[in-house]
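Please look over the sequence and the model below before reading on. The text after them goes through the structure part by part.

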Amino acid sequence: MDKLEIIGKPPGMPGTGLVGTLPIRGAKNAALPIQCAALLASDLTRLRHVPKLTDVSTMNRLLREVGCAVEVIADTDGRTVEIDPRGVAQGSLEAPYEMVKTMRASVTVMGPLLARYGRARVSLPGGCAIGARPIDQHLKGLQALGAKVTLEHGYVDLEAKRLTGGRFLFDKVTVGGTQNVMMAATLAKGHTTLENVAREPEVEELALFLNKMGAQISGAGTPTIEIDGVDELRGIDHAILPDRIEAGTFAVAAAISRGDVLLEHAPVDHMHAIIDTLVAAGAECRVEAGGLRVIGPERLRPFDVVTRPHPGFPTDMQAQIMVLAAMADGASVIRETIFENRFMHVPELNRLGANIVVNGNTAVVRGPTKFSGTTVMATDLRASASLVLAGLVAEGTTEVRRVYHIDRGYEAIEARLCPLGAQMSRYHGGGA
Ligand code: EPU
């Protein structure tokens, strides 16, 4: 298994001072549902600015398994991925356990397969490192459109000759559930109203993509989405929007290292809660023509954060912002309301010298921390990002193990941060 070695700041030095320009890559959580949406088309879709991530490759593998021809063309600015679904009618229409357990977002093929091909078979995901994460809302929503749902042997089988439009109120705000049911409704007969939907930018981006394909969706980005079903969607050419979480992660890197980094193409309109928190902590955030410039202060101030569905503070930034809180002079309170088990990074950050106490869904972070390098274990994607951030400002050397977690959502993170002055190397193989 690969590991990352990070040489932090020399003892007694104030900071590592990351400096330079960092172009933000395409968003993982926009790319994945859009890859699935290509299944709805009658011909080829071309996606540009697709980030080079293992989750994206896993989704490509799943699409091939259900019968798509998928071509990946490497280029300088992310990748281009061409997805041709014309072989799917003869395919398995199945997301098997091996795929779903590797990547939960595999369940997002369910809505498109059902809507376009009349059936889908998807392994139930079960829990994961950050919580139970059921898919009951996806299934209830698809049932509201007329799908027959059978649960057997750990799989869910869905069937519908043609879905029919309907009204569905989500009991819980869910990004994947909203995306799955919205995609299914695009090819349903008649009108669908979805209420209490997720308002994340990646939902809006998917609606934009589907409308370019010929769908009739309005209201994405608000709590209610209206969809008029159409008979056919066509393949299109589309560029994936920049990743607000990648931008947020590197913004924290700039802030804690007393750096000065221009995050090129950062989607600032989608980052208000993140930027507000950085500013509350004392970082300077300047929106410039090329993106977002973040300048780290000499002293960071404590702040409080509660994770919420968009436009609230994103749970996908909770682990990273905890490192910012740990560097601040005083006590910060961070409350996680989206996932029930998303504090796995806390014991590892404490091993690096942080003083974080968790009580239920609340973490109290007392700073300022003098992080000191040691060997730590990544447990999930965003947890591993927080360990890399702490390693950047730690005294001495930090070794982050199980970096396959970070490769799911950050494209060769060492190659991105080293040009800014970070000292990081990847070692292949070695222990767990
Ligand atoms: N939930 C249910 N029932 C459902 C669906 C969700 O109870 O049917 C619960 C979940 O257990 C969770 C909450 O609702 O407590 C929110 O889950 P959601 O469905 O919104 O999450 P997701 O669609 O599975 C996406 C992102 C996650 C991100 C969450 C929340 C993708 C591929 N994944 O997951 O990203 O944390 O939304 O914003 O878009 C990451 O990138 O690190 C990541 C985990």
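The model is predicted, so local features are given at pLDDT of at least 70 and side-chain atom pairs at pLDDT 80 or more, while totals for chains, interfaces and linings use all residues. Residues are numbered from 1 along each chain as its sequence is written, and side-chain values use heavy atoms, without hydrogens and water.

The interior comes first. A nonpolar core is here a set of buried Ala, Val, Leu, Ile, Met, Phe, Trp, Tyr and Cys residues joined through side-chain atoms within 4.5 Å. Buried means under 20% relative accessible area, exposed means over 50%, and partly exposed lies in between, with a 1.4 Å probe and protein chains only. The largest such core has 74 residues, and M182 and L210 have the most contacts inside it. Beyond its neighbours within four places in sequence, L210 is in contact (heavy atoms within 4.5 Å) with A37, L40, M182, M183, T186, A215, I217 and L233. There is a second, separate core of 71 residues, which includes V305, L324, A325 and I334.

Helices (H or I, at least four residues) and strands (E, at least two) are DSSP runs, numbered from the N terminus. After helix 4 comes G118, with a positive phi near 80°.

UniProt positions are given in the numbering used here, feature names are shortened, and annotations may be inferred rather than shown by experiment. According to that record, a "binding site" covers K28 and N29. Both K28 and N29 are in the lining of the largest cavity. On a 1 Å grid over the protein atoms alone, a cavity is a set of points where a 1.4 Å probe fits but cannot get out, and lining residues have an atom within 4 Å of a point. K28 lies in helix 1, residues 28–37, and counts as buried at 9% relative accessibility. Leaving aside neighbours within four places in sequence, the contacts of K28 are P51, L53, D55, D243, L381, R382, R408 and G409.

The other annotation, "modified residue: 2-(S-cysteinyl)pyruvic acid O-phosphothioketal", covers C128 in the UniProt record. C128 is in the loop between strand 7 (119–123) and helix 5 (136–144). With 28% relative accessibility, C128 is partly exposed. Not counting residues up to four places away in sequence, C128 touches R104 and R133.

Which rings pair with each other? Rings of Phe, Tyr and Trp (its six-membered ring) pair if their centres lie within 6.5 Å; planes under 30 degrees apart count as stacked, over 60 as edge-to-face and the rest as tilted. The count by this rule is 2 aromatic pairs. The ring centres of F168 and F170 are 4.8 Å apart and the planes stand at 80°, so this pair is edge-to-face. F168 is buried at a relative accessible area of 10%, and F170 is buried at 1%. F250 and Y410 are also edge-to-face, with 6.4 Å centre to centre and 65° between the planes. F250 belongs to helix 8 (residues 244–256) and Y410 to the loop between helix 13 (404–407) and helix 14 (413–417), so their pair ties together parts that are 160 residues apart in sequence. Both F250 and Y410 are buried.

The backbone remains. Most residues other than glycine have a negative phi, and most peptide bonds are trans. The peptide bond from H310 to P311 is cis, with omega near 10°, and P311 is in the loop between strand 18 (304–306) and helix 10 (318–327). The bond from G367 to P368 is cis as well, with omega near 5°. N196 has a positive phi near 55° and is partly exposed, with a relative accessible area of 29%. H265 has a positive phi of about 65° and is partly exposed at 45% relative accessibility.

Note on methods
1 Å grid on protein atoms, 1.4 Å probe; cavity = no way out; pocket = protein on both sides within 12 Å on 5 of 7 lines; lining within 4 Å.
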